[in-house]
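This report goes through one protein model, part by part. The sequence and structure come next, and the text after them starts from a single residue.

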Amino acid sequence: MTSTEAVSTIFVPYGQGRGRGLDEAELGAHGVEVDRLVALGLPVVPGVTVPVSHAASLVRPDLASAALDLLQQVAGRRFGDPEHPLLIRLLASTPSGSAGIPVDLPGLGIISGSVPALDDLVGSGGAIYEVFAAVIRFVGEHAAGIPGDDFAEAEYIASAPAERVAKFLALCTDAGFPFPDHPAEQLARAAEATLRRWASPRAGRLRRRQGLPEDLGFAFHVQAIRVGPPQTCGYGVAESRDPATGTFAPTGTFRRSVRRMIAEDRPGEPLDHLPGGRDLLVSTLRTLELHMRGAAQVEFEIRDAELALLAARRVERPAPRTAIRLALDLAEAGIIDDVTAVGSIRTSDIEALLHPQLQLTGGETEFASGLPASAGAAVGRIALSSERAVEWSEGGDPVVLVAEETSPGDLPGMLAAKAIVTVRGGLAAHAAVVARGLGRPAICGATAVRIHKAGRTVASEGQSLSEGELISVDGSSGTIYAGAVHVIPPQPGGDLEALLRHADRVRRLKVRANADNGRDAALAIRHGAEGVGLCRTEHQFLGDRLPLVRRYLLATDADEEAAALVELAAAQKEDFLDLLTAVGNRPVTVRLLDAPLHEFLGEQAHEVNPMLGLRGVRLALMRTELYPAQARALFSAWVDLAATGVTPQLEVMVPLVALAGELASAAQHIRRAAAEVEASTGVAVPYTVGTMVETPRAALIADQLAGIAQFLSFGTNDLTQLTYGFSRDDVEAQLLTAYTEQKLLPVSPFASLDPDGVGELIRTAITRARRVHPAIKLGICGEHGGDPASIELCERLGLDYVSCSPSRVPGARLAAAHAALAVAAT
Ligand code: PEP
Ligand code: MG
């Protein structure tokens, strides 16, 4: 092929690729990108692409020379003009853009005699020598095969850039490869170096590791870079959005002088200092955002006070605040619709905005890790007992409660602590459930941690920390760091709520919260909960109130039991009033007592297997005054509140049912209480009765239960425990971690609902229940109610609502919208 043919048929000036019917397979990713920029009318550094199938031809000096002729034409300038000098930049791009070894040589075309004058013009004290040295080394190593160590040695001896150039040139001459002093020859040699390096075994291995084809090709791009005095020339990078606020406010840096091959550590200048002003940059980023439908990032050069783009890309993973503001802006501008805006935000973005985060720098000392049981982050002094946590926190010190596991008696310590770490327990164990309810970051099942109570130390894998020392807890990743890591506070802001309002219009599933008291319910409602899906009444007896429930559970005769119950019910009425007041006219599901005895009685629980023992409805059928007393407290609280005009929609729920008869008896107890309250107050309290589906048998007899219940709520913590036979308190940290590592399980079934087993039981239950009672209300209140993948399964199963801890409500609103979109798309 002649050079004239090459110019007219092979080389593609920037912006002409698509017009010639070429795509990324020929133009490479960069060629397509610049085509788009030119089509958008944006200023682009002039360049020529040598397509993939002809890339090898650039090693011919005559064709390299023809490429430069064409480049001079499109650039409107000539090489070798000392007044208006040009440099050549050579880059390569593969069709996918993910080249095995990218090449970016910004300093071709420097003639050795012109270096001092050029360096003076640029005025940066050696920058031209540096880029020239980098080119000589690259070409010398890869085209002439001079060992890299020789260059490294020469570089070590010659620290001044000018001296380095002289040494590198001498190395080439000594190796029988005098470095060419002509731009076209340099370009041809640089192309050869790139091709040889691409063909090396090392590059092949790298491609294999990246899953790229062995024979992957690339296009060359040859750009004309103008260099000049620092007052009018330089280069920089910019992003369209301010990372702190997410708003459209271009930020970036600008450096005078010439681009080097490696990132520079000298500080840049703000964009306000751009020669020629920043208006064109701002309008360019605006155009790019609208075109890319995303945050834009550009590399640019300033040439004679004019902006020209070197590269532009969409920011693939913008910071959460940016992603949300951008989605709202694009929707407001009519570029995307609300549904696309909602679909573009991940639930993890929301979590990051709602919870504090650790600002990790990479220099932290990891102490231990465990299950990420409750999102957020905190720093505090290690407290090895609930009492110590309370004492130090009252003294003004932030504390992290570190315990083997927690029980209801630890509530004061958990409330006092900024974060909770337990050695044992899983995602559905007491510590995790309570921490999520309280909105405290927590890590459970940190099995490598050893607590030495006597020595007041905690150890993990060779490190030891004393009680009182600071640790940092990342409940979102499950990592504990020694010492204090900076914590970034949560900043939800109005944008998040605006986005969630879009999500609310998209979703079908209702979102409720698991809240045990007025404070949690109020928080949940502020987060957008549409009601309370689970009030665990036994949680009203944690901490100081524990003796009340203990006295009742340990009563040995009817009189003792009755006396304890009177106190218990009185305390509960206050709590109910508080809860119902916060709920307002919304629905609220109050679950009657389900107190696993080991949690409430500790050593005094005489059961070998308390999770399968006298819990839930079983206790209520042995102690037949329990549920009526609770129900009376609830109904009386409702009557008091109704007098003020507020009428919550009461749903009374019976836990751990396995027999239809259990539910029928408990429903009778509840009805009895309602009749008694009506007799004493004259008010017929409206309420419905339903049951949790927590045992596999309950799921299988859901038709029988639906004959009695007006609603069913799937308690998937227990349902998972009982379906697998996995103890929710014991197996997660060790067994399930090993199982997921061995790929026996994709994820813990306590974190994400198992679609095949537990999900199938739920599906069966729904079908059977609806056959008997088509309008029966169906929800989920296990911890899965806040997990995005589980929420999608709930949407597919056709549940009416999900219920999760208050802090997970915003994420659940978005996840429910995503679920509706996913189902609509299938
Ligand atoms: C459940 O089992 O899913 C549930 C919500 O109840 P708890 O966690 O209180 O046992
Ligand atoms: Mg349960």
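L656 counts as buried, at 1% relative accessibility; buried means under 20% relative accessible area, exposed over 50%, and partly exposed in between, with a 1.4 Å probe and protein chains only. This is a predicted model, in which local features need pLDDT of at least 70 and side-chain atom pairs count only at pLDDT 80 or more, while totals for chains, interfaces and linings use all residues. Residues are numbered from 1 along each chain as its sequence is written, chains are lettered from A and ligands numbered from 1 in the order in which they are written, and side-chain values use heavy atoms, with hydrogens and water left out.

L656 sits in the loop between β26 and α24. Helices (H or I, at least four residues) and strands (E, at least two) are DSSP runs, numbered from the N terminus. Most residues other than glycine have a negative phi. L656 is not a glycine, yet its phi is positive, about 60 degrees. R293, also not a glycine, has a positive phi near 55 degrees. R293 belongs to the loop between α10 and β8 (296-303). A positive phi is found in G334 as well, near 75 degrees, and this residue follows α11.

The loop between β26 (649-654) and α24 (660-681) also holds L659. Beyond its neighbours within four places in sequence, L659 is in contact (heavy atoms within 4.5 Å) with R697, I701 and L705. The C-alpha atoms of L659 and M292 are 58 Å apart, and the two residues are separated by 367 residues along the chain.

| Residue | Relative accessible area | Class |
|---|---|---|
| L656 | 1% | buried |
| L659 | 44% | partly exposed |
| R293 | 45% | partly exposed |

Helix α11 (residues 320-332) has 13 residues, which at 1.5 Å a residue should span 18 Å; its end C-alpha atoms are 18 Å apart, so the two values agree. The expected span is 1.5 Å times one less than the number of residues. Because 10 of its 13 residues are buried, α11 is largely enclosed by the rest of the structure. Among these buried residues are R321, R325 and L330. Their cover includes β6 (234-241), α10 (279-292), α12 (338-343), α13 (347-354) and α17 (493-506). In α17, the buried residues include L496, H502 and V506, and what covers the buried residues of this helix includes α11, α12, α13 and α31 (809-825).

Which residues are the protein donors of the magnesium ion (ligand 2)? They are E694 (OE) and D718 (OD), lying 2.0 Å from the ion. E694 lies in the loop between β27 (687-693) and α25 (696-700) and D718 in helix α27 (residues 716-724), so the pair ties together parts that are 24 residues apart in sequence. Both E694 and D718 are buried. Donors are N, O and S atoms within 2.8 Å of the metal (3.2 Å for Na, K and Ca); water is not among the atoms, so sites may look incomplete.

Finally, the chain as a whole. Its secondary structure comes to 31 helices and 30 strands, and its C-alpha atoms fill a box of roughly 110 × 60 × 45 Å along the principal axes. Of its 826 residues, 55% count as buried. Of the contacts with a separation of 6 or more, 67% come from residues 24 or more positions apart.
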